[in-house]
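Here are my notes for you to read alongside the model. Take them one at a time and look up each residue as you go.

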Amino acid sequence: MDGVTLWWDGWAPIVRALVVGTLGYVWIVGILRISGPRNMAKMTPFDFVLTVTLGSAFGRVLTSSDTSLATALVVFTLLVVLQWVMAFLRHRSGVVNKLVATSPVLLFHDGEFVRETMRRHRFTEADIHSAARENGLGSLEGVAAVVLQADGEFSVIEKSSMRDGASVDPFVVRS
């Protein structure tokens, strides 16, 4: 590469980036809209993989003159279709769901830290207290449960809203 192409390589790469970038962006937005809100919901590990992979593929297409627009659109569509197929299989097959799904886990329940789960997921008591504070609580005294959701968010359930506990009971480990 000589000094001239380092700073200016002509109009063709700029026009290509504008055309491919615009059409690629419109295509991605379109296929995500068609595929439904599943891909835009809170991110599970699979949604994260889709997001990172789409972003990486889009960046590669924008900066590489070796990839055609048609190939890029096929790749973008393939990634979203694979995401949809995986969601479909998870919904239809308990075996597939168990193999790939991340379940919520209970970190605090009935006034006690669930130490084994906290250790396995590398959380400290300070993390649980932080989750309580983020939910406007000054202590864990009024907390019935803290659940780590599949998307990495904490759900803090106050004792006053626990009711029958049907959303928490499946995650309680009984001795």
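The points below cover aromatic pairs and then one serine.

1. First, some ground rules: this is a predicted model, where local features need pLDDT of at least 70, side-chain atom pairs count only at pLDDT 80 or more, and totals for chains, interfaces and linings use all residues. Residues are numbered from 1 along each chain as its sequence is written, and side-chain values use heavy atoms, with hydrogens and water left out.

2. How many aromatic pairs does a search of the whole structure find? It turns up five. Rings of Phe, Tyr and Trp (its six-membered ring) pair if their centres lie within 6.5 Å; planes under 30 degrees apart are stacked, over 60 edge-to-face, and the rest tilted.

3. One of the pairs is Phe108 with Phe113, edge-to-face at 5.2 Å centre to centre and 70° between the planes. Phe108 is buried, at 2% relative accessible area, and Phe113 is buried too, at 17%. (Buried is under 20%, exposed over 50%, partly exposed in between, using a 1.4 Å probe and protein chains only.)

4. Phe123 and Phe154 also pair edge-to-face, with 5.2 Å between centres and 70° between planes. This pair links distant parts of the chain, 31 residues apart: Phe123 sits in the loop between helix H6 (115-120) and helix H7 (125-134), and Phe154 in strand E4 (residues 154-158). Helices (H or I, at least four residues) and strands (E, at least two) are DSSP runs, numbered from the N terminus. Phe123 is partly exposed at 22%, and Phe154 is partly exposed at 22%.

5. Now find Ser161, in the segment after E4. Ser161 is partly exposed, at 42% relative accessible area. From Leu82, Ser161 is 79 residues away in sequence and 39 Å away in space, C-alpha to C-alpha.
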